[in-house]
Amino acid sequence: MATAVALIVATGEIVPFTIALLVMAIVVEYAACRDHWLGERWIVALTADFAVFLLSYLVTRPSGMPEGYAAAPATLVIAIQIALLSIYLGSTVYRTLIHDLTITTFEIGQVVVAFLISIGGALEVTRRATAASTVVGLFSILSGTACYLVAFGFLERRAGRQRNLYTYTSFGLALVLTACYVLASGAMLVAIWSVIAVAAMWAGERVNRTSLRMHAAAYLVAGGIAAGLAGFGYDRLLGPAMPWVAPQAGISIVTAAAAVCYALARNTVGKAVRIPSATIAAVLCWGVLGLAAGLTGSMEASIVATVRTALLCALAIAFAWAARRWDRRELTWLVYPIMILGAFKLLVEDFRQGRAATLCLSLVFYGGALILIPRLVRSRVARRQRQEVETPVQ
């Protein structure tokens with residue numbers, strides 16, 4: 001390993017010696033699949049990672065390859081990057097599926113590092129401008145789909161392999177997100193992630209898998225980031241008043257997808273199940289607030305500030321009531337962040353731009369919400385306690 005790295009520096013021929021290191025990695029990983037040389041895997045993996053990373057860095061330098069280093073074709077570099085990931089994905093799959101072993105910390109870490117170096121380097125080399133980026137995207141979507149199929153088709157049925165299950169589903173999530181990012185952009189990317197989120201939530205509810213619910217929330221958050229939902233909501237709630245402008249298609253798509261996902265989330269028993277539901281509700285809340293606040297853009301600034309405060313207070317009260325009415329405890333997790341946001345908004349907007357009458361209304365709305373919300377929350381808690389007491393009797 002040390003000799004190969006030294007020859008890379010001494011000769012400037014980075015491609016052949018990197019390929020030689022990958023061949024060594026193949027041999028060592030084959031031995032690991034036969035339960036030999038397990039303790040030496042990290043030495044070869046670390047050296048191969050370094051060589052491929054160095055190759056990717058040198059090829060993507062703005063000034064090109066440094067003097068003394070031989071040129072490397074982009075297609076060959078991408079093939080080397082994908083080979084690195086394929087070697088360690090293949091050995092990990094063989095050991096965890098064929099040998100039915102629990103995935104090790106080394107294998108998790110190495111696959112993550114290989115993924116970052118290979119996919120990240122390939123994206124930098126292609127710069128999403130050539131057909132090679134399509135190859136990267138197709139490789140990612142096929143690998144991600146295979147990870148999901150392996151996880152829910154085989155590992156789910158095996159007792160005592162929860163670590164393998166969660167690892168494969170996490171790899172599938174990362175690969176599918178990457179594939180969609182490479183192959184699509186703009187509203188199309190938001191739509192794809194939103195559709196996957198709805199499908200994951202439906203499947204999670206149908207087979208009662210918390211991991212699929214978590215992935216639905218992750219795809220939805222990714223769609224919100226791609227659509228610019230955070231900036232959209234901030235501008236409409238805390239930004240200066242401006243004439244109403246129709247939101248971009250991505251905002252409407254991800255908000256509608258959040259509404260569908262939350263409607264599908266029927267099972268909310270346990271904190272682990274409520275976390276994705278709360279995340280989806282937060283995305284829905286932010287989208288609805290932004291869309292509703294945008295309708296007030298043509299009004300006077302002081303009136304706009306009061307209407308925005310009223311929207312925040314009304315949504316917090318609605319969440320507290322819905323949590324009591326349908327026992328959606330995750331909604332109460334969002335009530336107090338909304339009220340904190342409302343307090344911040346009072347300080348930075350209402351007190352600065354409001355007139356006496358509008359500021360008085362803002363304080364009435366906020367004070368009324370502070371009085372009403374704790375009562376709704378306490379009544380929900382008391383109702384749940386009564387149900388817990390009555391259940392054994394029944």
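Me: How do the side chains of Arg308 and Glu349 meet?
Reply: In a salt bridge, with N to O at 2.7 Å. Keep in mind that this is a predicted model.

Me: Where do Arg308 and Glu349 lie?
Reply: Arg308 is in helix α13 (residues 301-326) and Glu349 in helix α14 (residues 329-353), so the pair ties together parts that are 41 residues apart in sequence.

Me: Buried or exposed, Arg308 and Glu349?
Reply: Arg308 is buried, and so is Glu349.

Me: Which residue forms a salt bridge with Glu349 at 2.8 Å?
Reply: Lys345, with 2.8 Å between the closest N and O atoms. Lys345 and Glu349 are both in helix α14, four residues apart, about one turn of the helix. Both are buried.

Me: How many salt bridges does a search of the whole structure find?
Reply: Nine.

Me: And which residues are linked in a network?
Reply: Glu29, Asp35, Arg41, Arg95 and Glu107 are linked by salt bridges. Within that group, the side chains of Asp35 and Arg95 meet at 3.5 Å, N to O. That pair links distant parts of the chain, 60 residues apart: Asp35 sits in the loop between α2 and α3 (41-59), Arg95 in helix α4.

Me: Why does Arg95 count as buried?
Reply: Because its relative accessibility is 6%, and the cut-off for buried is under 20%. Asp35 has a relative accessible area of 43%, so Asp35 is partly exposed.

Me: Switching topic. Which residues is Tyr88 in contact with, leaving aside neighbours within four places in sequence?
Reply: Ala25, Glu29, Val44, Ala45, Gln110 and Val111. Tyr88 lies in helix α4 and is buried, with a relative accessible area of 2%. Tyr88 and Ala25 are 63 residues apart in sequence, but 8.6 Å apart in space, C-alpha to C-alpha.

Me: What about the surface, which residues form the nonpolar patch?
Reply: Ile19, Val23, Val27, Trp37 and Leu76, with about 440 Å² of accessible area together. Helix α2 (residues 14-33) gives the largest share, three residues. Leu76 is in helix α4 (residues 74-98) and counts as partly exposed at 33% relative accessibility.

Me: Overall numbers, then. How many helices and strands?
Reply: The protein has 15 helices and zero strands. Of its 394 residues, 45% count as buried. The accessible surface is about 19,000 Å², with 69% of that belonging to carbon and sulfur atoms.

Me: And how many positive and negative side chains?
Reply: There are 31 positive and 19 negative, and the centres of the two sets lie 12 Å apart.

How values were computed:
Residues numbered from 1 in each chain as written. Predicted model: local features only at pLDDT ≥ 70, side-chain atom pairs only at ≥ 80, totals over all residues. Heavy atoms only, no water. Helix = DSSP H or I, 4+ residues; strand = E, 2+ residues; numbered from the N terminus. Buried < 20%, exposed > 50% of the residue type's maximum accessible area, 1.4 Å probe, protein only. Areas by Shrake-Rupley, 256 points an atom, 1.4 Å probe, with all protein chains shown as cover. Lys, Arg positive; Asp, Glu negative; His and termini not counted. Charge placed at Lys NZ, Arg CZ, Asp CG, Glu CD. Patch = residues over 30% accessible without salt bridge, like charges linked within 9 Å, V, L, I, M, F, W, Y side chains within 5 Å. Salt bridge = Lys/Arg side-chain N within 4 Å of Asp/Glu carboxyl O. Contact = heavy atoms within 4.5 Å.
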